[in-house]
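Let's take a walk through this structure together, one place at a time. Have the sequence and the 3D view open side by side.

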Amino acid sequence: MKKILISDSIGQSGIEFLKGKGLDVVYMPDITEEQLLSEIGNYDGVIVRSRTKVTAEIIAAGKNLKVIGRAGSGLDTIDVEAAKKAGVRVVNAAGANSQSVAEHTMALILALFRNLIPVASALKNGTWEKKTYKAVDLAGKTIGIVGFGSIGSKVAVVARGFGMKILVTTRSETPEKKQLLDAVGGAFVPLEKLLKDADIVTLHVPKSGETVAMIGAKELASMKKTAFLINCSRGGVVDEKALIDALQKGIISGAGLDVFSVEPLPQDSDLLSLSNVILTPHIAASSVESRERTSLAVAQEVAKLL
Ligand code: MLT
């Protein structure tokens, strides 16, 4: 019987599906790196999410490994090159969590525009903050979406619903993307223009050699002083030091971040002491529905290969 290790927390649907296919599934969502290294040799497949890093060392130790499945869209936590060299297939659940990420993006934007966190905590602490904070409407504002894949395009649809103007920067302006963008009345623009004109810049790109630190001091300085940066993609895409500096100096107005260059976010990170940021612990893709969809999608891919 083929054995599959699930080394991160995923929805139940995929686990049930794999068992239904007669596969021996071992669920160890808290497995340590050392344990993984010593046990991976017993498995034909491994399914991971963001916590487990599938390094070249793990792949080399996986003598029977045939497939690595990622219950998510990005592949940056897997050494894809090492897997390829070892003849191990890598699959993911592309698109299965896009709606969840798009909704979390909007949640961060709304919370920032409405000052929800300070106002709600003040009320719980006995202060009726009716005048201190000024909420700002989304209608009529410009959202700049960087990356127009399955998540970016969903953000555009929701933003359109709020009456926002939409600017998009994408690596590939395909006819399909153009059609989607036309439907929401948006326009493709170069990154420089997007950064200059947007009231909100939201990032939806994978982490790659091309995107690492794509938003640094220069890019932040070109944004409006009143603008917000949202990152629900990958931590490394933003130069975190430059962002902290920009937030401290008021170069931009604030940020909503779900991902960080180091995760879990270290307790001594300067981000934690800033009042103009909202931080969430990499949960954008974690809605109940998305966890199940993602789990099932990756399980189907893994089962197919085994
Ligand atoms: C993804 O790559 O789709 C997400 O980051 C997965 C996760 O939430 O861990």
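Is Thr169 buried or exposed? Thr169 is buried, as its relative accessible area is 13%. Here buried means under 20% relative accessible area, exposed means over 50%, and partly exposed is in between, with a 1.4 Å probe and protein chains only.

Before going further, a word on the model: it is predicted, so local features need pLDDT of at least 70 and side-chain atom pairs count only at pLDDT 80 or more, while totals for chains, interfaces and linings use all residues. Residues are numbered from 1 along each chain as its sequence is written, and side-chain values use heavy atoms, with hydrogens and water left out.

Back to Thr169, which sits in strand β7 (residues 165–169). Strands (E, at least two residues) and helices (H or I, at least four) are DSSP runs, numbered from the N terminus. Setting aside neighbours within four places in sequence, Thr169 is in contact with Ile145, Val146, Gly147, Val189, Pro190, Leu191 and Leu194, where contact means heavy atoms within 4.5 Å.

Phe162 lies in the loop between α7 (150–161) and β7. With 34% relative accessibility, Phe162 counts as partly exposed. Apart from neighbours within four places in sequence, Phe162 is in contact with Met106, Leu110, Leu138 and Ala139. Lys178 is 16 residues from Phe162 in sequence, and their C-alpha atoms are 21 Å apart.

Now let's turn to the ligand. Around the ligand you will find Arg49, Ser50, Arg70, Gly72, Ser73, Gly74, Asn97, Arg234, His282 and Ala285; a residue is near a molecule if one of its heavy atoms lies within 4 Å of it. This shell divides into one nonpolar, six polar and three charged residues. In that sorting, Ala, Val, Leu, Ile, Met, Phe, Trp, Tyr, Cys and Pro count as nonpolar, Asp, Glu, Lys and Arg as charged, and the others, Gly among them, as polar.

Some of these residues make polar contacts, meaning pairs of N or O atoms within 3.5 Å; within protein, one atom must be able to donate a hydrogen and the other to accept it, and residues adjacent in sequence count only if both atoms are side-chain atoms. A polar side-chain atom of Ser50 is 2.4 Å from a ligand oxygen. In the side chain of Arg234, an N or O atom lies 2.6 Å from an oxygen atom of the ligand, and for the side chain of His282 the distance to a ligand oxygen is 2.7 Å. The protein covers 93% of the 270 Å² of accessible area that the ligand has on its own, with accessible areas taken from the Shrake-Rupley method and a 1.4 Å probe.

Most residues other than glycine have a negative phi, and most peptide bonds are trans. His282, although not a glycine, has a positive phi of about 50°. Ala213 also has a positive phi, near 55°, and is found in the loop between β9 (200–203) and α10 (217–221). The peptide bond from Glu263 to Pro264 is cis, with omega near -10°, and Pro264 lies in the loop between β11 and β12.

That loop between β11 (254–257) and β12 (277–279) also holds Asn276. The side chain of Asn276 reaches the backbone oxygen of Leu247 at 3.2 Å.

Which residues of helix α1 are buried? In α1 (residues 12–20), they are Gly14, Ile15 and Leu18. Seen down the helix axis, the buried residues of α1 fall within an arc of 100°, so they line one face of the helix; the arc is that of the directions from the helix axis to the C-beta atoms. An α-helix has 3.6 residues a turn, so residues three or four places apart point the same way. The buried residues of α1 pack against β1 (3–6), β2 (24–27), β3 (45–48) and α12 (288–305). After α1 comes Gly22, with a positive phi near 80°.

Our last stop is helix α5 (residues 98–113), the place of Val101. Val101 counts as buried at 5% relative accessibility. Leaving aside neighbours within four places in sequence, Val101 is in contact with Ile151, Cys232, Ala284 and Ala285. Of these, Ala285 is also among the residues around the ligand.
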